[in-house]
Amino acid sequence: MRTTTPEKLVQLQKNPSNIRNICILAHVDHGKTTLADALVASNGIISQRMAGKLRYMDSREDEQTRGITMKSSAISLAVQKETQEYLVNLIDSPGHVDFSSEVSTAVRLCDGAVVVVDVVEGVCPQTHAVLKQAWLENIKPVLVFNKLDRLIMELKMDPLEAFFHLQVILEQVNLVTNELFTTEIMAKTSNQIDGTGQESEEAGSHDWTIQADDEEEERNIFFSPSQGNVVFASAYDGWGFTLNHFADMFSKKLGIKKEVLQKTLWGDFYLNSKTKRIMKGAQSKVKKPLFVQFILENIWAVYESVSVKRDVVMTEKIVKSLDLNILPRDMRHNDPRVKLQAIMGQWLSVSRAVLDVVVDKLPSPLEISEDRVEKLMCSQGQSFLSFPKATQQLKEAFVACSTSDNSPVILFVSKMFPVERKMLPQFKQRPLTETEIQQRREQARQRHLEKMSANSNVVDEKVVDKDGKSLCVVEGAVRVGQSVDTTSGAQGTRSQLSRVSDLFLFYLWARKLEHMDEIPAGNILGLGGLENHILKSGTVSSTVMCPAFTDLYFDASPIVRVALEPKHAGEMGHLVRGLKLLNQADPCVQVLVQETGEHVIITAGEVHLQRCLDDLRQRYANIELHASSPIVPFRETIINPPKMDMVNEVIQDQPIKTAKTKEFEDDEEVIETGLVETYTTNQKCCIRIRALPLPDAVTNLLEEHVKLLQTLNRFNKAKIYGQSSDVKDTVLEALNNLKSSIDKAFTEEGKSWAGFVEKIWAFGPKRVGPNLLVNQVEGYNRPSVWDFKGSERVFRDFDNSIISGFQMATLAGPLCEEPIRGVCFVIEKWEYSDMSYARLARLSESESESKLNEDDSVALSSSLEKSAIIEEEDEKCDDSDQDKDSSEEVKDIVKTQRRKEYGPFSGQIISCVIAGCRKAFQTRPQRLMVAMYKCNIQATSDVLGKLYAVLGKRNGSILEGDMTEGSQIFNVVATLPVIESFGFAENIRKKTSGLASPQLVFSHWQVLDVDPFWVPTTEEEYLHFGEKADSDNKARQYVNAVRKRKGLKVDEKIVEHAEKQRTLTKNK
Ligand SMILES: Nc1nc2c(ncn2[C@@H]2O[C@H](COP(=O)(O)OP(=O)(O)OP(=O)(O)O)[C@@H](O)[C@H]2O)c(=O)[nH]1
Ligand SMILES: [Mg+2]
């Protein structure tokens, strides 16, 4: 076997047409790392014997002990095919959902992907996800069917059954691709129709040229063994093949053209033994398909004789007929698997098969499509043509992948990772010279003498981490010492540009980093020295004209939050530094300092959390840590009155129970259910607020379009401050679409909601949340939030205080101070009773010349409004000139007025609105919402019962439980509250002896249909739930737990009637 040297790889880097940047993607445990082992072994980095057992790419200790990959890692391999030599830069990615962000970073760097599918488990949720990722990034996939040995040894299928089974799985994979393809086509066509507006006239005529292109494209995107983009393999046993191999073999033997065999070996074809011709219709004529006869039966025969029957004579015969050269020690080995691996590995080497497909079917960096370049360069909503000319020209440089001196350097930093100092080439240990050894000996002697005399303390030197980065060179050659600009984050603005001149270049070879002086375009490399310039990902270029690349697409959302503190208080500095490194190194984790001063990390799930903690303890912070138990978010909401009570009886006009904790003064008065009137502390302003449960469809729309609402907010704010904002047509269209979908959702819900969309005052909390503030104040025609383009917009004074109050009220609900979700607060009345405010209004009217509504007797000028806003906005600093136009006199009066007695009036309104919203909320049936995981578990029928039991105990509900076609495996889909999910994976693994492992992804918020304040009142309820019923009330338990954590008052008695407690036996 050849052993590849770094020098060889350096030479190969110079020829971009022979470079393949690829990643291995799959569902968890489908065999990516095992396959990578086989490929690595082909370069002599590890031995063939150890391939599959070593899991070389899992270099971390926890990866080895847990048996799953947690970080993606890269390696460069040299591949010889015929006369050509290729460089394959390979990235092994994790399959566990918690680490799906690692997949995103890997996919961005590559031009092609090897998608691995376990033939027993078939298409799993992550298979779906990775195919989608590859699709979205425009990278080309090839398919590897792995673990074929399990069909023989575990499922005991015969070759024909196995063939049908493989056909079904291939169909499933292609179905996923088809789904992605049609969604994109539909989106494109709808865009075209919208863009041209010629839908009705031209719909009837069909453009056949487009059709032809589509067909061509369709042929390319689907997986088909005949096209050579599917490998059948058993990575563990070291074998794999494509049809190409067998077509070659049998064309010589049978004298049939190779091309014909290539097309017919997979499919419904059989060999007519009399005529020696290949015929169609094997199934209808009950003949053996070629794939079974020529391929599977041969493989089955080897397994049968070596593993099942252990027939030595037969085995030797096979070895001879295949013309293999097996070592005698392998032939004599007691373990049949070793023998099998030796024979099969030599006959059908998996690395050969996979690498051949990679080299043949996956594109080189030179083949990057213009489409992909444009997609990379244009962030959402931006069109490529809107860039300046110089930027547009970069596309050509990109596609050409030129290494000449004057071509620009463009790099995308997809991921940051810390490297230990000793790993860096410049700090690597090297053999010492004779004089150095002498010197050191002398120094040691000196130190020893000092120690003996002074008994000095020995200080442990901590390893100092240094950052290195994984990057993809897309264009131009990077050299040491070159000066480049970086933009942190894809949406980075020009102001974030910073010049970097001291860069260290590495490329990743085996587990080492090799230092380089220059790396040509089209490679994946490591770049040191960016730690202060880029946070998680970013773009590096030698020209400022290069735009930041689009954001990476992440599937998982961080949801599990823990607070951290060092075990020894003095080590806070280490923790902070460690957290900074963790934040940089992990694409998905969120690190923040809460208002309470706690350091908090938010992770995607339990496994991810564990890895982050391990990372902090062992690498980044190097200290002992205390982590709080996971904090899971809740939401609070209100619902329409339920029709049934807890024992399923119809409820008639039951009063609504609220928390007994009284938090507000009696400034508010309940008028009817959901409607509350409140007064400011000085009793001068009266506000009437109604709380309504928002229709689900509206809440979901608001939640899905957070980004868009943020943009809307920005436009509205800019308008208030008189700045002009450049609104793109696509954004405008998206906003209009959102508005009409919200309107539609409202009208579908009933007439009472009609027109609400126009009256939206604000979204909250944080101005983009899933709650609405709606204006129904008589006589106040507030400009709509959607109308940010209109001319002069006039608001009533203190309009913004109402918004602020609403934001605060929705940020922390009355149940346990968790954010509110899906509630609509309607302001129905807003009046002042003090004449001095009316005087102010008149004064300001003459000053500002703004035209106010006649009825609006108390409104102040818009300029005053501006000053009020500016005082309350967070970002008040840069707008100090804006309020220059407001009259000094009016300002003075307001100030003195505000300061009288009760503090600033705007503050009073804010607290009045908060109190009103909370009270209105409390007069309706309140509910807690829990975050739900969607949980996918594969399990065999014998452990299914136990699995359901564990799920049931944790309040999970099963959505589906179908059997995967052609196997004994059940695919269970369930939902499970996040709060109940801790230890779930471990529990399942234990109960099912490791046979089932769940994949948990955040899916939605669900109302917990239990009233947190419910207590039994009827005879029947007492019977069902006991006197207090507090042990059974899950909602109450959650609410109390959160309140306790937050240090809020908990309405809970620990021991009641202590003196009466006695055991029953004593009583007798
Ligand atoms: N029978 C059989 N087992 C295999 C084969 N390939 C991998 N395995 C086993 O499947 C398990 C998972 O393999 P890995 O290579 O770690 O899977 P992975 O896809 O890298 O997993 P993650 O990185 O955690 O997503 C290991 O126990 C392997 O031994 C195969 O071809 N046949
Ligand atoms: Mg792995």
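Over the ring of which residue does the charged end of Arg-714 sit? The residue is Phe-715, and the charged end of Arg-714 sits 6.0 Å from its ring centre. A charge counts as over a ring if NZ of Lys or CZ of Arg is within 6 Å of the ring centre and within 35 degrees of the ring normal. Lys-53 likewise lies over the face of Tyr-236, at 5.7 Å from the ring centre.

The model is predicted; local features need pLDDT of at least 70, and side-chain atom pairs count only at pLDDT 80 or more. Side-chain values use heavy atoms, without hydrogens and water, and residues are numbered from 1 along each chain.

The whole structure holds 26 aromatic pairs. Rings of Phe, Tyr and Trp (its six-membered ring) pair if their centres lie within 6.5 Å; planes under 30 degrees apart are stacked, over 60 edge-to-face, the rest tilted. Phe-232 and Phe-241 have ring centres 5.4 Å apart and planes at 20°, so this pair is stacked. Phe-241 is buried at 1%. Trp-753 and Phe-756 have centres 5.1 Å apart and planes at 65°, so this pair is edge-to-face. Trp-753 is buried at 9%, and Phe-756 at 4%.

Helix H17 spans residues 370-377. Helices are DSSP runs (H or I, at least four residues), numbered from the N terminus. Arg-372, Val-373, Leu-376 and Met-377 of H17 are buried. Down the axis of H17, its buried residues fall within an arc of 130° (directions from the helix axis to the C-beta atoms), so they line one face of the helix.

Terms used:
Chains are lettered from A and ligands numbered from 1 in the order in which they are written. Buried means under 20% relative accessible area, exposed over 50%, partly exposed in between (1.4 Å probe, protein chains only). Helices (H or I, at least four residues) and strands (E, at least two) are DSSP runs, numbered from the N terminus.
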